[in-house]
Amino acid sequence: MSNVIRLENVSFSFPDEEVPVLSNFSMSIEQGERVVITGPSGCGKSTLLYLCNRLYPDNCDGIVSGKIELFGKDSDSYRPGEVNHRIATVFQDPDAQFCMPTVEEELAFTLENLLVAREDMDSRISEVLEATRLTAYRHSIIQSLSGGMKQRVATACALIMKPEVLLLDEPITHLDPYTAKQYIEWLDTLQQSSGLTILAIEHKLDLWEDFFHRRIRLKEDRNSLIDDVKRDNRVQQELSLQVEGVSTHSFLQPSSFSLHKGEVAVLAGPNGSGKSTLLKALSGVLPAEGNVLPSLLGYVPQSPEFLFVTGRVKEEVSFGGGSNTEELLERLDLSSISEAHPFSISHGQKRRLAIAVMLCQNREVILMDEPTSGQDSANLTELLKVVDERSRAGTTFLIVTHDMEFAYKVADSILLMRNGGVTGKYSATSFWDKKDLMLEHQLLPPKRGPVYAC
């Protein structure tokens with residue numbers, strides 16, 4: 001079979017960085033292969049994808065050496081944008097690729113760029129919406145959708161081009177476990193019928209099972225104890241967060257619950273159930289009715305770059321006046337990039353930076369939206385330990401995550417959401433045996449390997 005992508009001794013670096021992002025890297029991808037790229041957070045996985053679709057160096061000031069071939073031709077021989085209908089990309093942050101307000105308009109915009117005749121657009125749009133199970137969202141405003149739904153829309157925009165190669169940057173990270181399994185099964189069927197070549201970045205391979213033919217490791221993951229760590233329950237009696245009848249005009253139903261001092265609660269449920277909306281309402285990002293005490297909460301959003309206001313990682317952490325900047329930089333694996341601009345680091349590093357900012361400010365209650373996205377096992381382990389230590393000191397956490405392995409290890413309690421409202425709060429000690437309840441909320445039980453308390 002012929003190579004569709006081939007890299008030979010490729011290095012990539014930015015002018016102001018001493019250490020290259022990639023160094024003398026070689027790989028080849030054959031037509032019809034399913035290949036996954038793994039490696040620790042910040043090791044250059046996304047950069048590798050951007051070299052494969054010519055986003056780099058066409059759209060940055062990076063320096064490339066070595067040989068890159070796409071479909072048997074030198075990548076430099078393609079005009080800007082020429083190869084992108086043959087190599088389609090779904091980015092880790094889907095917001096980065098949307099240009100139009102509605103799903104239908106975004107898909108039509110893609111077809112317009114391909115010079116598809118107007119009379120053929122409707123059938124192409126209908127076909128891809130049905131294939132991605134998005135027909136009901138055809139006229140939806142994209143920015144009103146959940147992160148998981150946006151990821152599905154981004155996939156539809158890639159597939160409507162009928163590409164030969166599909167590049168995926170952690171495609172299931174924002175999907176609830178049940179939807180993620182459906183997505184993988186659907187992708188499996190699509191690939192078998194079309195012969196599509198798939199090159200994906202992924203940290204968590206459990207749900208993928210035997211989907212991939214081959215794994216490429218950019219760097220060996222650091223030693224980790226994530227499978228052997230679990231929090232002890234140390235919730236205090238004093239109430240820390242009280243939520244009474246919080247709702248929004250557009251979607252969120254009146255929701256009430258309370259968390260105790262030092263409690264770590266996981267907020268879980270299907271994509272589009274309102275989890276991110278609830279966090280935005282609690283933090284004041286969205287106008288909402290109801291009462292929230294305390295009124296000033298720490299908030300780590302799903303798109304963390306919206307928090308950043310300085311030009312250096314280290315300055316960002318210390319901006320709120322905290323005194324433990326160096327400790328947090330070290331523990332969250334940010335010391336090596338402390339002088340970098342917050343917008344130049346990887347997606348996973350941005351999330352850890354946003355977490356460090358909130359921890360440094362010593363907020364009584366911290367809300368986190370998908371903090372495990374883009375994190376390798378070592379960073380997940382350290383995040384769990386930091387949350388455990390802070391909760392023992394009295395900090396309360398409300399964490400949105402689809403990662404049930406992480407939830408099992410970190411949570412004292414589980415808050416469930418569905419159809420825009422909180423449906424119940426459950427102790428984590430008994431929740432994992434409620435299989436019917438989990439299925440109703442599109443969750444899959446975690447694997448229960450041996451664990452040792454933090």
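1. A residue is called buried here when its relative accessible area is under 20%, exposed when it is over 50%, and partly exposed in between (1.4 Å probe, protein chains only). By that rule the buried residues of helix H3 are Val103, Glu106, Leu107, Ala108, Thr110 and Leu111. Helices (H or I, at least four residues) and strands (E, at least two) are DSSP runs, numbered from the N terminus.

2. On the source: this is a predicted model, in which local features need pLDDT of at least 70 and side-chain atom pairs count only at pLDDT 80 or more, while totals for chains, interfaces and linings use all residues. Residues are numbered from 1 along each chain as its sequence is written, and side-chain values use heavy atoms, with hydrogens and water left out.

3. What covers the buried residues of H3? The cover includes helix H4 (118–131) and H5. Just after H3, Leu115 has a positive phi of about 60°.

4. The axes of H3 (residues 103–113) and H5 (residues 147–159) come within 9 Å and cross at roughly 25°. Axes are lines fitted to C-alpha atoms, for helices over the stretch in contact, and angles run from 0 to 180 degrees between N-to-C directions. The two helices are therefore roughly parallel to each other; angles under 35 degrees count as roughly parallel, over 145 as roughly antiparallel, 65 to 115 as roughly perpendicular and the rest as oblique.

5. Contact means heavy atoms within 4.5 Å. From H3, Val103, Glu106, Leu107 and Thr110 meet Val153, Ala156 and Cys157 of H5. The residues of this contact divide into five nonpolar, one polar and one charged. In this count Ala, Val, Leu, Ile, Met, Phe, Trp, Tyr, Cys and Pro are nonpolar, Asp, Glu, Lys and Arg are charged, and the others, Gly among them, are polar.

6. An open sheet with parallel pairing is formed by five strands in the order S6-S7-S8-S3-S9. Two strands pair if DSSP finds at least two bridges between them. S6 (87–90) and S9 (214–217) stand at the edges with a single partner strand each, so one side of each has no neighbour in the sheet. From one strand to the next, the twist averages 20°.

7. Within that sheet, S3 (residues 34–38) and S8 (residues 197–201) pair in the parallel sense over four bridges. Arg34 stands opposite Ile198 in S8. Helix H1 (residues 45–52) packs on the sheet, touching S3, S6, S7 (165–169) and S8, and its direction makes about 155° with that of S7. H5 also packs on the sheet, where it touches S6 and S7; the direction of H5 makes about 175° with that of S6.

8. Another open sheet has six strands in the order S15-S16-S17-S13-S18-S19, and its pairing is mixed. Its edges are S15 (298–300) and S19 (421–427), each with a single partner strand, so one side of each is left without a neighbour in the sheet. S13 (residues 264–268) and S18 (residues 413–418) pair in the parallel sense over four bridges, and the bridge partner of Val266 in S18 is Ile414. Helix H10 (residues 347–360) lies across S15, S16 (365–369) and S17, running at about 175° to S15.

9. Leaving aside neighbours within four places in sequence, the contacts of Leu398 include Phe257, Leu267, Ile366 and Leu415.
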